[in-house]
Amino acid sequence: MKTSYSATLALTIAALGLSMAHAGETEIAAKAQQTLTQEMGATAKDMTVAVDGNGVATLQGWAQQPKDVNQARYLVSRVEGVKTAHSTGVRTWSSTDRY
C-alpha cells in the first residue's frame, strides 16, 4: 500500500505534537514532585505525582496522616501548569491527625 507524502508528514507532525505534550506533562509532574520534596521533606517520600494533558495532577502513594495528604494536594495545586490536584490514590497510615 502506498502512503502519500502529505499523509506521512501529517502523521509525523501529529506524533511530534503528542511527544511534546507528553514532555510538558512530565516536566510539570517533575516540578510538582520537587515541590513536595522541598516543602514536606521525608513526609512526602512515599507520594508520587502524575499530570495529564489537561493539567490534572493525581497523587498516589502513602502519607502518615490526613493533614499530610491535604498539604500535598495544596502544594501540587499551586505548581504552574497544574489546574487541579486529586489525592484519591493516597492512603494514610493513620485515620486521624493525632500522634
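Analyst: The model is predicted, so local features need pLDDT of at least 70 and side-chain atom pairs count only at pLDDT 80 or more, whereas totals for chains, interfaces and linings use all residues. Residues are numbered from 1 along each chain as its sequence is written, and side-chain values use heavy atoms, with hydrogens and water left out.

The protein chain exposes about 6,900 Å², of which carbon and sulfur atoms supply 56%; accessible areas come from the Shrake-Rupley method with a 1.4 Å probe, and for residues only the protein chains shown count as cover. Of the 99 residues, 27% are buried (under 20% relative accessible area; exposed is over 50%, partly exposed in between; 1.4 Å probe, protein chains only).

The elements run α-β-β-α-β from the N terminus, with helices (H or I, at least four residues) and strands (E, at least two) taken as DSSP runs numbered from that end. The 3 strands form an open sheet in the order 1-2-3, with mixed pairing; strands pair if DSSP finds at least two bridges between them. Strand 1 and strand 3 are the edges, each pairing on one side only. Strand 2 and strand 3 pair in the parallel sense over 7 bridges, and Gln 60 stands opposite Gly 89 of strand 3.

Helix 2 lies across strand 1, strand 2 and strand 3, running at about 155° to strand 3. Axes here are lines fitted to C-alpha atoms, for helices over the stretch in contact, and angles run from 0 to 180 degrees between N-to-C directions.

Val 69 has its place in helix 2. Val 69 counts as buried because its relative accessibility is 8%. Leaving out residues up to four places away in sequence, Val 69 touches Ala 63, Ser 87, Val 90 and Thr 92, where contact means heavy atoms within 4.5 Å. Ser 87 is 18 residues from Val 69 along the chain, with 7.0 Å between their C-alpha atoms.
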